[in-house]
Amino acid sequence: MNAAKRHEIFSRFQAANPKPTTELEYADTFQLLIAVILSAQATDRSVNLATARFFPEHGTPEGILAMGEEGLREAIKTIGLYKTKAANVIKTCRILLEQHQGQVPCDRAALEALPGVGRKTANVVLNTAFGLPTIAVDTHIFRVANRTGIAPGKNVVEVEKKLEKVIPKPFLLDAHHWLILHGRYICVARKPKCPQCGISDLCDFKPKTVNT
């Protein structure tokens, strides 16, 4: 795919959704971090339902520690891997208080040192909370990047690096959200909704669906 096509694709994404953002619900950077940790192998909707049970009264590192691991488990037991996630969140809260004055660090290495935080989670926080032009490649972005031809790659890191290189700079900050939403609602895994797609004429995907 050439640069002109990529520019037009992201121009259309921007025109359709000028201010994209995550569908996770949170009040501050700390709550965003916790929500993203919990979202691994879970839907944003399930995470929002779970965090609504404790964010209002316990949405701080101190508040979650006061709940204890058992209390947190009970609050998030409706989402996948809840036991591991509860343990990681408790450990993360302790580290934030002991090493970062209770604040979420704006630093990739410090973020990835937190339990339950990998490269993708760090990228989401750096992008959404701190406004850095990072790309968190999940299954949706990986699929869209490869299927459309925007930035094909064999693994998520390869796709991430290629996206950062080929996406025009004016669109780089919001590209993460546009690509996730496109993969979540239009360029879905089993049967992409090509007739509803605003970039189908620019996409390299050959066997386009003709109906939904």
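Start at Asp28, in the loop between helix 1 (3-16) and helix 2 (29-38). The model you have open is predicted. Asp28 has 33% relative accessibility and therefore counts as partly exposed. Asp28 and Ala129 are 101 residues apart along the chain, yet their C-alpha atoms are separated by 8.2 Å.

**The two domains**

Colour the chain by domain next. Domain 1 takes 3-20 + 134-202, and domain 2 takes 29-130.

Look at the interface. Twelve residues of domain 1 are in contact with nine residues of domain 2. Together the two domains bury about 810 Å² between them, and carbon and sulfur atoms give 44% of that area. Which three residues of domain 1 supply more of its buried area than any other three? Select Thr134, Ala136 and Glu160: they supply 47% of the area that domain 1 buries against domain 2.

Turn to charges. The rule finds two salt bridges across the interface of domain 1 and domain 2.

**Helix 3**

Stay with Asp44, one of the buried residues of helix 3. Select residues 44-51, which make up helix 3. Is this helix largely enclosed or largely open? Six of its eight residues are buried, so helix 3 is largely enclosed by the rest of the structure. Besides Asp44, the buried set includes Ser46, Val47, Asn48, Ala50 and Thr51. Show what surrounds them. The buried residues of helix 3 pack against helix 2, helix 4 (55-58), helix 5 (61-76) and helix 11.

**Two positive phi angles**

Step back to Gln41, in the loop between helix 2 and helix 3. Check its backbone: phi is positive, about 55 degrees, although Gln41 is not a glycine. Gln41 has a relative accessible area of 73%, so it is exposed.

Jump to Gln101, in the loop between helix 6 (82-99) and helix 7 (108-112). Phi of Gln101 is near 55 degrees, again a positive value in a residue other than glycine. At 65% relative accessibility, Gln101 counts as exposed.

**The cysteine cluster**

Select Cys187, Cys194, Cys197 and Cys203, which an unreviewed UniProt entry annotates as "binding site". They are spread over 17 residues of sequence but cluster in space, with a largest C-alpha distance of 10.7 Å. Where do they sit relative to the largest cavity? Cys187, Cys194, Cys197 and Cys203 are in its lining.

Zoom in on Cys197, in the segment after helix 11 (172-185). Cys197 has 15% relative accessibility, so it counts as buried. Which residues does Cys197 contact, leaving aside neighbours within four places in sequence? Show His182 and Ile186: Cys197 is in contact with both.

Move on to Cys203, also in the segment after helix 11. Is Cys203 buried or exposed? Its relative accessibility is 14%, so Cys203 counts as buried.

Methods:
Residues are numbered from 1 along each chain as its sequence is written. This is a predicted model: local features need pLDDT of at least 70, side-chain atom pairs count only at pLDDT 80 or more; totals for chains, interfaces and linings use all residues. Side-chain values use heavy atoms; hydrogens and water are left out. UniProt positions are given in the numbering used here, feature names are shortened, and annotations may be inferred rather than shown by experiment. On a 1 Å grid over the protein atoms alone, a cavity is a set of points where a 1.4 Å probe fits but cannot get out, and a pocket is an open set with protein on both sides within 12 Å along at least five of seven lines; lining residues have an atom within 4 Å of a point. Helices (H or I, at least four residues) and strands (E, at least two) are DSSP runs, numbered from the N terminus. Buried means under 20% relative accessible area, exposed over 50%, partly exposed in between (1.4 Å probe, protein chains only). Contact means heavy atoms within 4.5 Å. Domain bounds come from an automatic or database domain assignment. Buried area is the accessible area (1.4 Å probe) that two parts lose on being put together, summed over both. A salt bridge is a side-chain nitrogen of Lys or Arg within 4 Å of a carboxyl oxygen of Asp or Glu.
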